Amino acid sequence: MIGRATRWTLLGAGVVAVTGVGRAVARRRRRHQPERQDGWYVVHRGVTVDRPRDGVIDFWTDRERLDRALAGWATLEQLDGGRWRCEAAERTGGGRRWRAEITVESPGVLRWRVTDGPVAQEGRVELVDAPQGRGTEIRAELRYRLGPVRRAFGLAAGDEPDLALRDTLRRVKALVECGEVVDTRRDPSGRSPRQERATDKVREKLATGGRA
Amino acid sequence: MRALCWEGVGKLAVRDVPEPRIRADGDVVVRVRASSVCGSDLHLINGYLPAMREGDVLGHEFMGEVVETGPGVRRLRVGDRVVVGSVVACGGCWYCRTEQYSLCDNSNPQPVFTEKLWGHSPAGILGYSHAAGGYAGSHAEYIRVPFGDVGAFRVPDGVSDDAAVFASDAMPTGWMAADFCGLKGGEVVAVWGAGGVGQMAARSAQILGAGRVIVIDRLPERLATAAARLGVETIDYARTDVLEALREMTAGRGPDACIEAVGMESHDVGPSYAYDRVKQAARLQTDRLVSVRQAIMACRKGGTVSIVGVYAGLVDKFPLGAAMNKALVLRMGQMHAQRYIPMLLERLAGGEIDPGYLATHPLPLEDGVRGYELFEKKRDGCLRTVLHPSA
C-alpha cells in the first residue's frame with residue numbers, strides 16, 4: 001500500500017519530469033523553427049557550387065543548357081531584359097503548378113515572387129565568391145506565408161517551401177557541376193508494383209530537403 | 001534479366017527483374033562478367049545498415065563489358081572490357097576534382113538519411129542500400145553505371161576477369177588503407193582482417209615500403225593464404241593475445257601503423273565481445289568495435305590507425321583516451337576508387353599485385369544465395385565468392 005506522502009512525492013516528481021522534458025522538447029523545436037517576420041516565415045539557405053561566379057551566371061544565361069536542365073520540371077519565358085516568367089510543376093507531383101516572376105537585379109542577384117501558387121512566397125538569391133577558391137556560394141533568402149498547422153502538414157507530407165528551396169539548390173548545384181541530377185527511381189529491382197510504389201515514397205522522403 | 005535480390009533480413013533470392021536502360025547522358029550499361037561478394041554486403045543483408053528495401057539488387061564490386069553508352073559518354077566504347085569503381089562519383093564537384101571521389105557531392109540522390117546520421121552525405125555506392133542512393137547493384141546480368149566516363153576503366157589485355165574484379169573495390173580500399181599510413185620505408189604495419197581487403201592492404205603496405213606486415217585473423221586458412229601468397233607474419237587472435245603478441249614482435253614499441261579492415265561485425269573472444277554482440281543484436285549500438293579498439297591500443301605512440309572496415313553509426317567503449325594521449329593519427333574513409341584504379345590496373349598488368357587468388361569460389365549467378373552462405377559462414381575455405389552472371 002502506497003502512503004499519501006509517497007503518492008504526492010511521485011506525482012510531484014512526475015510533474016517535474018514531464019515539465020522538464022516538455023520544456024527541453026519545446027526549446028529544441030523552437031531552435032528548429034524558421035524566423036518569423038510580420039507573418040512571414042523567413043529562411044536562409046545556401047549551397048556552394050564549385051565553379052567561379054561567372055561560370056554559374058553563364059549556366060543560367062545559356063538558354064539551351066538551361067532548357068535541357070529544366071526539361072520536364074519547369075519552363076522559362078523571358079518577359080523583357082531582366083524579367084522572366086517561370087512555370088513549374090509541384091515537386092511532389094499531384095498535378096499542381098505554380099507560376100513565378102523572376103527579376104534579375106544585377107549580375108549575381110535575382111529576386112522571385114510566386115504570382116500563382118498554393119503558397120505565397122518570394123525570395124532573393126545572391127551569388128558570392130566562396131573563400132579559398134571554392135567556387136561560388138549561392139545564398140538564398142526565402143519568405144513564405146503559411147499557417148503553422150498547414151506548415152506542419154506540409155512538412156509531414158514533404159511539401160513545404162523550405163524543403164522545395166533546399167531541393168532546388170541541390171539540383172542547381174548538381175546541374176552546374178555535372179550536368180545532371182542523378183535519379184535512381186526505376187532502377188531494376190525484384191519488387192512488385194505495390195512494393196515499388198512504397199519504395200518510391202521512401203525514396204521521396206530520403207530525397208526531400210536535406211542540407212542545401 | 002536475372003538478379004540477386006535482398007528479400008528481408010538474412011534472406012536473398014535470385015529473381016527476374018527488368019533490364020536497366022540509359023537514363024542520363026553520362027550513363028553506360030555494362031553486361032556483368034564478374035561480380036564479387038564483399039564483407040560489407042553482410043552488414044546490409046543482416047540489417048545492420050537499415051536502409052534496404054525488399055527487392056533491392058545487391059552487389060557493388062564488379063567488372064564487365066560495355067553494351068550501351070549514353071550520348072554524353074566520350075571515353076568508353078561499346079565492347080570495352082571495364083572495371084567499375086563501386087563508389088559513384090560525378091567528376092565535377094570539388095571533392096571529385098580533388099580526387100576525394102567517395103565524398104562526391106552529387107552522386108547520392110537520397111542524401112537525407114546520411115545527412116541526419118552523419119551530418120553530410122558522402123557519395124552514392126552501387127548496390128549499397130537507399131542510404132547510399134538506392135542504386136541497383138551488380139549481382140545481375142546488366143547494370144546501369146552513372147557517370148561512366150568517371151567510374152569505368154578499361155581492363156588491360158591479359159588481366160583475367162577474376163583478378164580485374166577486385167580492382168573495383170578490394171584493391172583500392174586496401175591501397176587507400178596503406179596510403180593513409182604515410183609509410184616512408186621499413187615500418188611495421190599490422191593489419192586486422194585477412195579477408196580480401198585486408199590481404200590487399202597488406203600487399204599494398206609491402207609495395208609502399210613497409211618493412212614488416214603482420215596480419216591478424218582467426219581463420220587458419222585465411223592466415224595461411226596470406227602467409228603463403230604475401231609472405232606476411234600472422235597472428236591468430238583466437239589463440240593468441242593480440243596486444244601481447246604485437247608488443248613482443250615489435251620489442252615493446254607497437255606497430256607504426258595499424259590498418260583495420262574488418263568493420264562493424266568484427267569478432268573476438270571473451271565476455272566483452274559477448275556484451276558487444278548482445279548490444280548490437282538488440283540494436284543498442286550499430287557497430288562492434290573490437291578490432292578498432294585493439295588497433296588503437298596496439299599502435300605505437302604517435303603512430304597511425306587507418307580504418308577502412310565499414311562502420312555505420314554509434315559505438316561504445318571507443319578508447320578515445322588512448323588515441324588522444326598516445327597522439328595517434330586516425331585516418332578513415334570509403335575508398336576513392338577512381339583515384340586509385342588506373343594505377344592499380346597498371347600494377348595488376350605488371351604482375352606486382354595479383355588478387356586473382358581471392359576468388360576461391362567462382363559461381364554462376366543462380367548460385368548466388370549459396371555463394372553468400374559459403375562466404376558468410378566461411379565454409380570450404382571461402383575467401384571470396386565471385387558470381388559470373390554472363391556465364
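This is a predicted model: local features need pLDDT of at least 70, side-chain atom pairs count only at pLDDT 80 or more; totals for chains, interfaces and linings use all residues.
1. Local features need pLDDT of at least 70 and side-chain atom pairs count only at pLDDT 80 or more, while totals for chains, interfaces and linings use all residues. Residues are numbered from 1 along each chain as its sequence is written, chains are lettered from A and ligands numbered from 1 in the order in which they are written, and side-chain values use heavy atoms, without hydrogens or water.

2. Helix 14 of chain B spans residues 368–376; helices here are DSSP runs of H or I, at least four residues, and strands are runs of E, at least two, numbered from the N terminus. Its buried residues (under 20% relative accessible area, 1.4 Å probe, protein chains only) are B:G368, B:G371, B:Y372, B:L374 and B:F375. They lie on the same side of helix 14 of chain B because they cover an arc of only 160° around the axis, taken from the directions from the helix axis to the C-beta atoms. Their cover includes strand 1 (2–8) and helix 8 (220–230) of chain B, with contact meaning heavy atoms within 4.5 Å.

3. In helix 10 (residues 271–281) of chain B, B:Y273, B:D276, B:K279 and B:Q280 are buried. These buried residues fall within an arc of 125° seen down the axis, so they line one face of helix 10 of chain B. The face turned away carries B:P271, B:V278 and B:A281, which are exposed (over 50%). Helix 11 (290–298) of chain B is included in what covers the buried residues.

4. The crossing of helix 6 of chain B and helix 7 of chain B is right-handed, that is, the near helix is turned clockwise from the far one by less than a right angle.
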